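Please read the points alongside the sequence and the model.

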Amino acid sequence: MDEVSRLAAVLRPVRAGNAFEETVERLLQVIKLGLVAEKLPPERELAAQLGISRVTLREAIRELQDAGYLEVRRGRYGGAFLTYTPPRPHRDDLRRAVVDMGTDDLSDALTFRMAVECGAAQVLATTPLTGERREALRERLREVNSAGPDDYRRLDTAFHLAIAELTGSALLAGACADARLRVTDLLNAIPVLQRNIEHAAVQHQAIVTAILAGDPEGARRAVAEHLEGTAALLRGFLT
């Protein structure tokens, strides 16, 4: 699965009446979810994917540059380069993010994520998959399960979003991206510990095994167990 496919879930056409605001929101999703490693795709591609003019796109990019998320470089090798890096994990940041969100909204966000990600895994487990799509899922699994702490969150996001993207449903993929974004600041505030990576790797494998075996109920259970563990980790760091 290439970068264009991964971005398709987030970079959907925006509504004409709110083109600027929605473009800023979509680009922030791409940046905060780590869907691009170095720079945004070319303006022509971005404008076409978002269904907007290049003037509107440039205004949105300028807004994000002023906010410190991007740096625009001109010339043959130019483009909109990422300058945003997630803050180092800190318990106070987690508490602050929860206060900003509100405990009711946190519970709602975790429920939303549980519903859409379990649903995506069930759908994918009932979808006839080509050899290419099966290998794409295995590749995302290999990447996240071999990641070190510094790159883990980004590759974990790519793995989870790949499950929804491979269903072929743009709406489902978009919902999963939205659900992940709602908890991204919380997850970034939690230290990535090696024992947690190892435990998650077993759960990731169980999810993929169930999907590739065509076992929707097994896939749902595996995702639910994994997400319940993440929720418990959040609660643990909040105590």
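1. Leu161 counts as buried, at 3% relative accessibility, where buried means under 20% relative accessible area, exposed means over 50% and partly exposed is in between, with a 1.4 Å probe and protein chains only. Leu161 is placed in helix H8, helices being DSSP runs (H or I) of at least four residues, numbered from the N terminus, as strands (E) of at least two residues are. Leaving aside neighbours within four places in sequence, Leu161 is in contact with Leu33, Leu35, Cys176, Ala177 and Arg180, contact meaning heavy atoms within 4.5 Å. From Leu161 to Leu33 there are 128 residues in sequence and 9.9 Å in space, C-alpha to C-alpha.

2. A word on the basis of these notes: this is a predicted model, in which local features need pLDDT of at least 70 and side-chain atom pairs count only at pLDDT 80 or more, while totals for chains, interfaces and linings use all residues. Residues are numbered from 1 along each chain as its sequence is written, and side-chain values use heavy atoms, with hydrogens and water left out.

3. Arg180, one of the contacts of Leu161, is found in helix H9 (residues 170–188). Arg180 is buried, with a relative accessible area of 2%. Apart from neighbours within four places in sequence, its contacts are Leu33, Arg113, Arg153, Asp156, Thr157, His160, Leu161 and Leu187.

4. Arg154 also lies in helix H8 (residues 152–165), but Arg154 is partly exposed, with a relative accessible area of 31%. Between Arg154 and Arg134 there are 20 residues in sequence and 21 Å in space, C-alpha to C-alpha.

5. Helix H6 (residues 103–125) has 23 residues and reaches 33 Å from its first C-alpha to its last, close to the 33 Å expected at 1.5 Å a residue; the expected span is 1.5 Å times one less than the number of residues. The buried residues of H6 include Leu106, Arg113, Glu117, Ala120, Ala121 and Leu124.

6. How do the axes of helix H7 and helix H10 cross? The axes of H7 (residues 131–145) and H10 (residues 194–212) come within 10 Å and cross at roughly 175°, and the two helices are therefore roughly antiparallel to each other, a description used for angles over 145 degrees. On the H7 side the contact involves Arg134, Leu137, Arg138, Leu141, Val144 and Asn145, which meet Ala201, His204, Gln205, Val208, Ile211 and Leu212 in H10. By class, this contact has 7 nonpolar, 3 polar and 2 charged residues.

7. The largest nonpolar core has 61 residues, and those with the most contacts inside it are Leu27, Leu40, Leu137, Ile163 and Ile211; such a core is a set of buried Ala, Val, Leu, Ile, Met, Phe, Trp, Tyr and Cys residues joined through side-chain atoms within 4.5 Å. The largest share of this core, 7 residues, comes from H10. Ile163 touches Ala120, Ala121, Leu124, Leu137, Ile207 and Ile211, not counting residues up to four places away in sequence.

8. Ala222 lies in helix H11 (residues 216–238) and is buried, with a relative accessible area of 10%. Ala222 touches Ala206 and Ile207, not counting residues up to four places away in sequence. Ala222 and Ala206 are 16 residues apart in sequence and 6.1 Å apart in space, C-alpha to C-alpha.

Key:
Axes fitted to C-alpha atoms, helices over the stretch in contact; angles between N-to-C directions. Parallel < 35°, antiparallel > 145°, perpendicular 65-115°, else oblique. Nonpolar A, V, L, I, M, F, W, Y, C, P; charged D, E, K, R; others polar.
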